[in-house]
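Biologist: I am new to this structure and would like to go through it term by term. Please show it to me before we start.

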Amino acid sequence: MSTQKPVASCVLLFGLTMAATRGLSAVLETHFGYPPLGPMVYALTASVQLGLYAILQWSLKEFSVDDVMFAAIDDLLTPVRKSTGRKPAILEFGSGPGTARLCQDYTVYSVEHDAKWVNYIAASHYIHAPIVNFSQHKKPSADITMPESDLGWYDMSVISKKLPATYDVILVDGPPGHIGRHGFLLNLDSFDINVPIIIDDVNRDAELDLLKQVAKRVGRPYAIRRYSGKAFGLIPAPGAPLPAW
Ligand SMILES: C[S@@+](CC[C@H](N)C(=O)[O-])C[C@H]1O[C@@H](n2cnc3c(N)ncnc32)[C@H](O)[C@@H]1O
């Protein structure tokens with residue numbers, strides 16, 4: 001995400017907070033006879049507001065496609081754009097603020113379970129597929145290990161009807177960790193897996209296991225990009241080299 005918008009909105013919020021504190025001071029003074037609020041109160045209010053704003057920005061970043069992942073996706077999709085002359089497409093599982101950035105350069109199909117996040121980014125093509133438990137999915141074959149903690153996966157009957165004909169990258173960034181993502185492994189044959197596959201959050205054991213099992217199943221190697229306590233994994237397209245990370 002560009003830094004201009006957060007800085008501008010922070011300055012705006014700061015101004016509004018100061019104006020609101022000034023207004024409160026005037027009301028207290030006029031109606032209740034309080035002395036005007038001192039500079040310490042203004043400083044405290046501003047600090048609290050800036051702190052809350054920083055926490056909000058950090059949490060949005062934690063959940064979103066960030067600069068490092070965006071650069072990796074760019075490296076994969078710029079050659080596609082050059083060789084085909086069309087806008088490359090991404091099939092994204094799990095949408096959020098980071099989807100906006102992907103939409104600037106790519107056609108994005110976002111599979112999302114949570115109505116709250118569906119259509120959050122107007123430019124994306126949403127597939128609202130609620131989570132259904134594994135009784136409604138294929139039985140895992142003997143060589144697949146499913147974590148006991150996984151609660152389910154997106155309703156494939158919804159996804160199958162709305163899946164685009166082609167896409168150039170699969171990005172597995174949902175559902176959230178507490179639901180689990182191994183449903184992707186169970187349903188691999190419903191997707192075009194001859195494209196690069198990115199699995200986010202492989203700093204967590206479950207996602208790392210998913211990356212390894214998916215790579216084994218499609219018979220391709222994987223690479224892991226670790227940075228700032230985060231990590232994502234990439235399984236390149238068949239025959240494509242691993243990135244030099
Ligand atoms: C890791 S998030 C997906 C992030 C998305 N790919 C992005 O780049 O913004 C996984 C799920 O958490 C939910 N979610 C998205 N953004 C969130 C946020 N900022 N805070 C909490 N939950 C979020 C959505 O249901 C989403 O499917």
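Modeller: What follows is a set of questions on terms and values, each answered from its definition.

Biologist: What kind of model is this, and how are its residues numbered?

Modeller: This is a predicted model, in which local features need pLDDT of at least 70, side-chain atom pairs count only at pLDDT 80 or more, and totals for chains, interfaces and linings use all residues. Residues are numbered from 1 along each chain as its sequence is written.

Biologist: Why is the protein chain called more spread out than a compact globule?

Modeller: The chain has seven helices and nine strands; helices (H or I, at least four residues) and strands (E, at least two) are DSSP runs, numbered from the N terminus. Its radius of gyration, taken over C-alpha atoms, is 23 Å. Along its principal axes the C-alpha trace spans about 75 × 45 × 35 Å.

Biologist: How is the chain divided into domains?

Modeller: There is domain 1 (4-63) and domain 2 (67-235), with bounds that come from an automatic or database domain assignment. Taken over C-alpha atoms, the centres of the two domains are separated by 39 Å.

Biologist: What makes Asp 168 a buried residue?

Modeller: A residue is buried if 20 or more other C-beta atoms, placed from the backbone, lie within 10 Å of its own, exposed if 12 or fewer, and partly exposed in between. Asp 168 has 23 such atoms, so it is buried. Its place is in the loop between helix H5 (156-162) and strand S6 (169-172). Not counting residues up to four places away in sequence, Asp 168 touches Leu 77, Val 80, Pro 88, Ala 89, Ile 90 and Val 195; a contact requires C-beta atoms, placed from the backbone, within 7 Å. Over the whole chain of 245 residues, 27% count as buried.

Biologist: Why is Trp 245 called exposed?

Modeller: Trp 245 has 11 other C-beta atoms within 10 Å, and the limit for exposed is 12 or fewer, so the term applies. Trp 245 is found in the segment after strand S9 (230-235). Leaving out residues up to four places away in sequence, Trp 245 touches Ala 223 and Arg 225.

Biologist: Why does Val 218 count as partly exposed?

Modeller: Val 218 has 14 C-beta neighbours inside 10 Å. Val 218 lies in helix H7 (residues 205-218) and, beyond its neighbours within four places in sequence, is in contact with Ile 193 and Ile 235. The C-alpha atoms of Val 218 and Ile 193 are separated by 7.6 Å, although these residues are 25 apart along the chain.

Biologist: What makes a set of residues a nonpolar core?

Modeller: The set must consist of buried Ala, Val, Leu, Ile, Met, Phe, Trp, Tyr and Cys residues joined through C-beta atoms within 7 Å. The largest one here has 39 residues, and those touching the most other members include Ile 90, Tyr 167 and Ile 198. Helix H3 (residues 67-84) supplies the largest share of this core, five residues. Leaving aside neighbours within four places in sequence, Ile 198 is in contact with Val 169, Leu 171, Val 172, Phe 232 and Leu 234.

Biologist: Which residues are closest to the ligand?

Modeller: The closest are Ser 64, Gly 94, Gly 96, Gly 98 and Gly 174, among 18 residues that surround the ligand; a residue counts as near if its C-beta atom, placed from the backbone, lies within 6 Å. Helix H2 (39-63) and helix H4 (98-105) are the elements that give two or more residues to this shell.

Biologist: What joins Gly 174 and Pro 175?

Modeller: A cis peptide bond joins them, with omega about 0 degrees. Pro 175 is found in the loop between S6 and helix H6 (183-186).

Biologist: Are Asp 201 and Ser 228 buried or exposed?

Modeller: Asp 201 is buried, with 22 other C-beta atoms within 10 Å, whereas Ser 228 counts as exposed, with 8. Phi of Asp 201 is near 65 degrees, a positive value in a residue other than glycine. Ser 228, also not a glycine, has a positive phi of about 45 degrees.

Terms used
Two residues are in contact if their C-beta atoms, placed from the backbone, lie within 7 Å. The radius of gyration is taken over C-alpha atoms; the globule rule is 2.2 Å times the number of residues to the power 0.38.
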